[in-house]
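Hello,

Here is the structure for you to look over.

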Amino acid sequence: RQTLNEAHDMLNAGDLRDSFPSGDEDNTFTGNVDNEINGNWILAPTGSIHEARLKAKVKRRLRKNSSRDSGRGDSLSDNGDVVRSVVPPTSPKGKLLNRRSRMGKGRGLPKKGGAGGKGVWGTPGQVYDEDKVDVKDPNYDAEQENCIYETVVLPLDEETFEKTVTPIVQEYFEHGDANEVAELLAELNLGSMRGDVPMLAVSLALEAKASHRELTSRLLSELCECVLTAADVEASFHKLLKELPDLVLDTPGAPQILGQFIARAVADNILPKSFIDGYKGRVDCEYARAALDRAAVLLRMSRWTGLRIDSLWGSGGGQRPVNQLIKEVNLLLKEYLLSGDTVEAERCLRELEVPHFHHEFVYEAVIMVLESKGNRTLQMILQLLKSFCASTVITVDQLRRGFERVYLDMADLSIDVPCAYSLLEQFVEQSFDAGVIDKKLRDLCPCRGRKRFISEGDGGRLKLESC
């Protein structure tokens with residue numbers, strides 16, 4: 001009680017009142033001097049309590065402004081005054097990249113030793129080893145240690161098989177690489193649909209070109225060694241013979257084409273020779289009988305006359321030698337001059353399957369006009385070129401290249417045909433009038449200069465050099 005009296009006397013005397021701010025804080029402080037802890041009344045020194053409250057207030061103010069003034073380095077002195085450093089404030093971007101603690105604690109080192117943060121996979125230089133199996137793990141299963149995990153590919157059903165294999169075969173018709181087809185089929189789980197691969201390939205080839213049929217025969221021969229078996233090929237041809245009535249609706253010549261496929265397969269040793277003999281006397285379908293008869297005739301001709309069944313379909317347009325293509329183009333033009341059938345000539349040119357080589361057709365046609373020296377050949381060739389340009393069988397680029405080749409060879413052609421220049425000018429003019437060539441191509445036509453000279457024996461008359 002004596003201590004309490006002394007404290008009240010000091011307050012009344014004003015010894016410590018000047019150090020406190022006026023207002024409600026003084027009343028709050030004087031009202032909370034006495035504290036009760038565990039039922040015991042104690043009295044703290046008045047000056048220390050006041051200093052502690054001031055420091056706490058300053059710290060609260062600093063915490064509120066820490067996000068805004070964190071780069072200023074504010075600190076509190078021993079007297080409770082705020083000391084500001086001269087460190088310039090950092091940018092928000094730099095603060096985001098800083099991994100140091102913002103609480104003002106620790107030694108200023110990165111969190112988690114540099115192993116924390118977004119996109120961080122441990123400390124720099126750390127190497128992760130394979131996780132060892134813990135035998136004491138409650139989920140440990142001893143049987144899983146000897147397990148071998150493999151990717152399981154589900155077998156293809158009929159609908160998925162057609163959607164998957166059809167693009168592969170159609171793409172093969174473009175590049176002609178049988179090894180790539182074999183690799184793609186090996187990645188698939190064909191299952192029971194393996195025997196339908198030859199059937200699908202032949203069905204697509206029925207509506208394709210002769211070169212595609214040749215590629216199909218080669219594909220069956222290549223796949224029979226690695227992907228298919230002889231039993232798969234034989235089963236496919238059995239199914240094709242049964243479905244011939246439906247195939248004829250889309251391809252009227254399906255029986256003859258299928259017979260050629262059967263003969264080629266027998267010649268390539270992917271079908272047994274007894275395949276045709278097994279149907280003797282047991283065929284009710286007329287289409288199947290026609291296909292088997294066609295195959296038997298071809299095999300008999302190859303055995304007696306030496307017919308090469310391996311070249312039954314012929315080679316593709318781009319795979320033929322250039323000399324052979326030139327001979328076929330000349331033969332086509334000669335047949336046209338005899339028959340005059342433009343439609344048949346167009347069909348034959350399309351069957352060559354060499355659209356990139358049509359400039360040779362134009363070249364040979366113009367040369368034939370120059371060598372004929374007749375108006376009939378000129379008019380027929382002009383009509384043929386006009387028809388081909390109208391039907392876009394021969395493109396403008398191929399036509400231009402053909403005429404330019406003739407222009408370049410005129411010096412050599414004039415040796416064999418002295419009047420080649422005049423014939424060429426006549427043909428070029430008529431081609432321009434018919435709309436076959438444009439004015440630019442007409443102006444490129446070379447013309448030999450006509451030399452004029454004075455003959456003494458003719459009385460000084462000017463004479464023109466003639467053909």
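The model is predicted, so local features need pLDDT of at least 70 and side-chain atom pairs count only at pLDDT 80 or more, while totals for chains, interfaces and linings use all residues. Residues are numbered from 1 along each chain as its sequence is written, and side-chain values use heavy atoms, with hydrogens and water left out.

Aromatic pairs

The whole structure holds 6 aromatic pairs (rings of Phe, Tyr and Trp, the last by its six-membered ring, with centres within 6.5 Å; planes under 30 degrees apart are stacked, over 60 edge-to-face, the rest tilted). One of them is Phe275 with Tyr279, which is edge-to-face because the centres are 5.6 Å apart and the planes stand at 65 degrees. Both residues are buried (under 20% relative accessible area; exposed is over 50%, partly exposed in between; 1.4 Å probe, protein chains only). Together with Phe237, Phe275 and Tyr279 make up one aromatic cluster.

Phe403 and Phe427 have ring centres 6.2 Å apart and planes at 15 degrees, so this pair is stacked. Phe403 belongs to helix H18 (residues 396-408) and Phe427 to helix H20 (residues 420-433), so the pair ties together parts 24 residues apart in sequence. Helices are DSSP runs of H or I with at least four residues, numbered from the N terminus. Phe403 and Phe427 are also buried.

Positive patch

Arg53, Lys55, Lys59, Arg60, Arg61 and Arg63 form a positive surface patch (residues with over 30% relative accessible area and no salt bridge, like charges joined within 9 Å; a salt bridge puts a side-chain nitrogen of Lys or Arg within 4 Å of a carboxyl oxygen of Asp or Glu). Arg63 sits in helix H3 (residues 46-64) and is exposed, at 58% relative accessible area.

Regards

Terms used
Patch = residues over 30% accessible without salt bridge, like charges linked within 9 Å, V, L, I, M, F, W, Y side chains within 5 Å. Areas by Shrake-Rupley, 256 points an atom, 1.4 Å probe, with all protein chains shown as cover. Lys, Arg positive; Asp, Glu negative; His and termini not counted. Charge placed at Lys NZ, Arg CZ, Asp CG, Glu CD. Helix = DSSP H or I, 4+ residues; strand = E, 2+ residues; numbered from the N terminus.
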